[in-house]
Amino acid sequence: TGTLRLVLGDQLSDGLSALTDLDPARDLILLAEVRDEATYVRHHKQKIALAFAAMRSFAVRLETRGVSVRYVRIDDPDNRHSIVAEVERALADGRFERVVMTECGEWRLAQALSGFASASPSLVEIRPDDRFVCSHDRFRRWASGKSQLRMEFFYREMRRETGLLMEGDQPAGGKWNYDAENRRKLGKGVRPPRRLRTPPDEIARGTIADVARLFPDHFGTLDAFAWPTTAEQAEAILADFIENLLPGFGDWQDAMAESEPWMWHGLISTSINLGLIDPLDACRRAEAAWKAGRAPLNAVEGFIRQIIGWREFVRGIYWLKMPEYARRNHLDADRGLPWFYWSGETDMACVADTVRSARDHAYAHHIQRLMVTGNLAMLLGVHPDAVDDWYMVVFADAYEWVEMPNTRGMATFADGGIVGSKPYAASGAYIDRMSDYCGPCRYDVKAKSGEGACPFNRLYWGFLERNRDRLRDNVRLAMPYRTLDGFGEDRRKALLDEAEACRVSMGAVRPSSEPAE
Ligand code: FAD
Ligand code: DLZ
Ligand code: SF4
């Protein structure tokens, strides 16, 4: 008898470990669109359309290679709407005694699948996901015995192991990290080049119509859908990035500009996470551009660090720390998420632009996620579950293994310092330096308090004061706490009151309390 091979919606890679010993004559591949996956959070419409369209295209690709595919569509009347139930249904006629799959990226579904595997009368084999550079074992070995896990040191090992940007055993150019050269402000009139996007092909158009019909209440719009849904389309986006955007990626990695949702970023996370682009291949291509003199070292190093450094590091942390990680709330944050995170109805120019980008494109670039929506949620003291939910919903590239350590760890310090060494808390001055948002904004980025002052300023000192006991021993916060101490008690009390007034006026109240008028 043949083997049933399960392929999940983010496992759309030709070289997937579950497919390596495929026998096209006898095996069957199962792909299933199910409500459980589409609604365990109320994902952005574009995220569902992207996953389904990419799955449908991958099924066609396999069939063209002569492989049999059992494809369960979301509107199939017999659909049982969970992955496990669909595997069971596929096994019901007894044709297959063996099931093979690649380990799943998210804890939730991984638990369900391993539960199924141990209870099933069939032989179920769950293989490692070798699309990542660092295996779980490798990460555990690296982490073991360390009192602190820091991305930078992990990253150096990944550089050594992949040989990327290495000259013998030394980093190319003499430094491991060129981050200090990646914080250029956007000069007046400087704008990112026009870039390639992917108009939906026929399969994607059909999927978009299905999603509009079946998930009308989910967040976001579908009109501007332009995500690659096949490996070929993703390859074209990667090639355009490397040729036209990568040279500026380093300099303006942290810059933001009104109505410029992409800047010099790669727009490849959706494709990497689905399996349409191989991350190591993307890094090698960037390295080749540097070697050919077509992109500077600070850009190429920065790009490679995001992929073999941050991306692999956060995945390692997630699997090392789950499920406890999902309960972390180091700052005891207890407020609800203000409604404008969904509606975009706020006079804060930086937030409105980021939410607009999320709504229309299911995208915001890194610094918007970190320093605008993430920083604000942390300063407001929004409960990490609510913050996680928002990030999981609004972005097309969101998968819990990468979203959660970025949100709970890097952006809001809810993990208490596992991912980052200090909270990235910042006042409005940071956003003003890195963007053109503040000039036209209704709020005054120079004012520290009062209704017309930039809310980041109103919140910043109160945040530090509120969390004094939890943060004051952090050496990297010694400076601001010294400043705070110098303020004296009355002023500190006033800063707390100011921040509280701002939280209430923005609707960041305890879920049990009355909403602000
Ligand atoms: P680029 O800026 O061009 O970067 C290139 C690639 O590097 C990305 O495609 C991505 O694969 C990788 N990368 C960059 N930064 C990170 C990072 N911090 N962690 C992991 N990989 C990284 N990324 C996701 O893929 N899914 C998420 O759900 C997600 N949630 C995030 C939440 C917060 C609060 C923050 C601060 C970051 C989050 N990121 C997430 C990381 C990063 O913001 C996105 O990967 C990036 O914006 C995707 O756009 P891009 O492809 O244009 O990235
Ligand atoms: C994201 C997603 C969505 C929206 N729908 C499906 C689906 O119907 N079927 C499926 O197999 N996968 C889907 N995915 C991707 C999964 O959520 C993903 O495989 C897990 O969360 C593990 O990372
Ligand atoms: Fe954002 Fe404050 Fe600048 Fe307005 S003034 S754009 S709220 S940082």
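**Before starting**

The model is predicted: local features need pLDDT of at least 70, side-chain atom pairs count only at pLDDT 80 or more, and totals for chains, interfaces and linings use all residues. Residues are numbered from 1 along each chain as its sequence is written, while chains are lettered from A and ligands numbered from 1 in the order in which they are written.

**The whole protein**

The protein contains 21 helices and 7 strands; helices (H or I, at least four residues) and strands (E, at least two) are DSSP runs, numbered from the N terminus. Along the principal axes, the C-alpha atoms fill a box of roughly 80 × 60 × 50 Å. The radius of gyration is 24 Å, which agrees with the value near 24 Å for a compact globule of 517 residues; the radius is taken over C-alpha atoms, and the globule rule is 2.2 Å times the number of residues to the power 0.38.

Of the 517 residues, 47% count as buried. A residue is buried if 20 or more other C-beta atoms lie within 10 Å of its own, exposed if 12 or fewer, and partly exposed in between, with C-beta atoms placed from the backbone. Among contacts (C-beta atoms, placed from the backbone, within 7 Å) between residues at least 6 apart in sequence, 77% join residues at least 24 apart.

**The domains**

Colour the chain by domain, with bounds that come from an automatic or database domain assignment. Domain 1 spans 3–127, domain 2 spans 136–203 + 218–321, and domain 3 spans 340–505. Next, select domains 2 and 3, whose C-alpha centres lie 24 Å apart. Their contact takes 27 residues from domain 2 and 30 residues from domain 3. On the domain 2 side, H9 and H11 each supply at least two residues, and H11 gives the largest share, 6 residues. By class, this side has 14 nonpolar, 7 polar and 6 charged residues. Here Ala, Val, Leu, Ile, Met, Phe, Trp, Tyr, Cys and Pro count as nonpolar, Asp, Glu, Lys and Arg as charged, and the others, Gly among them, as polar.

**Ligand 1**

Of the 28 residues around ligand 1, His265, Gly266, Ser269, Gln306 and Glu403 come nearest. Helices H9 (269–274), H11 (297–321), H14 (366–380) and H16 (400–411) each supply at least two residues of this shell. Because domain 2 and domain 3 both give residues to the shell, ligand 1 lies between them. The shell divides into 14 nonpolar, 10 polar and 4 charged residues.

**Helix H16**

Since 12 of its 12 residues are buried, H16 is largely enclosed by the rest of the structure. Its buried residues, including Trp401, Glu403 and Arg408, pack against helix H4 (107–119), H11, H14 and helix H15 (384–394). Just after H16, Phe413 takes a positive phi of about 60 degrees.

**Ligand 3**

Now select ligand 3. Among its 14 surrounding residues, the closest are Met348, Cys350, Cys438, Cys441 and Cys454. Helix H13 (349–361), helix H17 (428–434) and helix H18 (455–466) each supply at least two residues of the shell, with the largest share, 3 residues, from H17. The shell has 12 nonpolar, 1 polar and 1 charged residues.

Finish in the largest nonpolar core, which has 146 residues, with Leu246 and Ala286 making the most contacts inside it. Such a core is a set of buried Ala, Val, Leu, Ile, Met, Phe, Trp, Tyr and Cys residues joined through C-beta atoms within 7 Å. Not counting residues up to four places away in sequence, Ala286 touches Ile242, Leu246, Ala295, Val300, Phe303 and Ile304.

Then select Ala289, in helix H10 (residues 279–291). Ala289 is buried, with 20 other C-beta atoms within 10 Å. Leaving aside neighbours within four places in sequence, Ala289 is in contact with Ile242, Leu246, Arg294, Ala295 and Val300.

How values were computed. Near = placed C-beta within 6 Å. Contact = placed C-beta atoms within 7 Å.
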